[in-house]
Amino acid sequence: MNTEPRSTPWGRLRMAHGARASATVVLFFLPPALLLFTLFVALPMGEAAWYSFFNWSGYGPPTQWVGWRNFQLLFQTPAFRTALGNNLLIIVASLVVQLPLALAMAVLLSDKVRGTTTFRLIFFLPYILAEVAAGLIWRFVYDGDYGFLARIWGMFGATPPYVLAEPELAMYAILVVVIWKYFGFHMILYIAGLQQIDRNLNEAARMDGASDWQIFWRITLPLLAPTIRLSVFFAILGSIQLFDVIMPLTKGGPSDSTQTMVTFLYTYGVTRMQIGFGSAVGVVLFCICVVFAFGYKKTLMRND
């Protein structure tokens, strides 16, 4: 423990030296980071906001100013409203199905006993798998002619459904893939949080006659609350930005029934060369993410 008074000359000298060292580190590392942030984040965002006020195909300089027309057209487009609804559906499925299952599995696998490491690896493997690869795998699984689902239906002599070709079923098939793909990430996050809880608290409660459910509800869950809030944040933000899994599965189809905001941006803004309209989608998506991130941080994570 340092008991040297700061008012002494030697103490002031050490404080000055520490301040100079900190300033040197900031001056050395901050400019490259600011340059990269400006080139690859700030400038593209500013350009997207500027292009959203033009009817522009991406060729030549933008000259046809349309003001807020792209935003008006955006909210009048049924496919975009479908995309918003699908993003909301993915959020609900993540919060209601994915996270509770991940928490339950984390409670089962958090103890350091034989075999738990293997099961953790098995459940975490889908998250390691690339999104495009996962989409291609599940596209084969859902294939109505040669896929795994077709074989199961064929065993019972029934005609297999073409799940990804049915507008009423395709989005629910994607929800299954999303839950399977990101389940392991949240499970590992919960396991890390559970292992930080002092086991003596559980033992003391058990000695006082508390049941396993009472221990979980009164001790484990409150102490795990910061981890749960972080998991919810990742789940919602990831659901809003979902793109890579959907493209190899349905590309937003059939009939725009599986569009999300990001796939809608790609389909209508990039592939159709409507850069101004796509920039408007990007601005709306950016605003939603920023409002959610800062609002969530200020309300639910302000003490974490």
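Modeller: A patch is made of residues with over 30% relative accessible area and no salt bridge, where like charges are joined within 9 Å and nonpolar side chains (Val, Leu, Ile, Met, Phe, Trp, Tyr) within 5 Å. The model is predicted, so that local features need pLDDT of at least 70 and side-chain atom pairs count only at pLDDT 80 or more, while totals for chains, interfaces and linings use all residues. Residues are numbered from 1 along each chain as its sequence is written, and side-chain values use heavy atoms, with hydrogens and water left out.

Colleague: Which residues form the nonpolar patch on the surface?

Modeller: Leu88, Val92, Leu95, Val96, Val97 and Leu101 form it, and together they have about 490 Å² of accessible area, a value from the Shrake-Rupley method with a 1.4 Å probe, in which only the protein chains shown count as cover for residues.

Colleague: Why does Leu95 count as partly exposed?

Modeller: Buried means under 20% relative accessible area and exposed means over 50%, with partly exposed in between (1.4 Å probe, protein chains only); Leu95 has 31%, and therefore counts as partly exposed. Leu95 is found in helix H3, residues 78–109, where a helix is a DSSP run of H or I with at least four residues, numbered from the N terminus.

Colleague: What makes Glu131 and Lys181 a salt bridge?

Modeller: The term asks for a side-chain nitrogen of Lys or Arg within 4 Å of a carboxyl oxygen of Asp or Glu, and the closest N and O atoms of Glu131 and Lys181 are 4.0 Å apart, so the pair qualifies. The pair links distant parts of the chain, with Glu131 in helix H5 (residues 131–142) and Lys181 in helix H7 (residues 167–194), 50 residues apart. Lys181 is called buried because its relative accessibility is 0%, whereas Glu131, at 24%, counts as partly exposed.

Colleague: How many salt bridges does a search of the whole structure find?

Modeller: The search finds 3. Another of them joins Arg206 and Glu203 at 3.7 Å, N to O, and these residues are separated by about one helical turn because they lie 3 residues apart in helix H8 (residues 199–207). Asp212 also meets Arg206 in a salt bridge, at 3.3 Å, and these bridges share partners, which joins Glu203, Arg206 and Asp212 into one network.

Colleague: Is Asp212 buried or exposed?

Modeller: Asp212 is exposed, because its relative accessible area is 54%.

Key
Helices (H or I, at least four residues) and strands (E, at least two) are DSSP runs, numbered from the N terminus.
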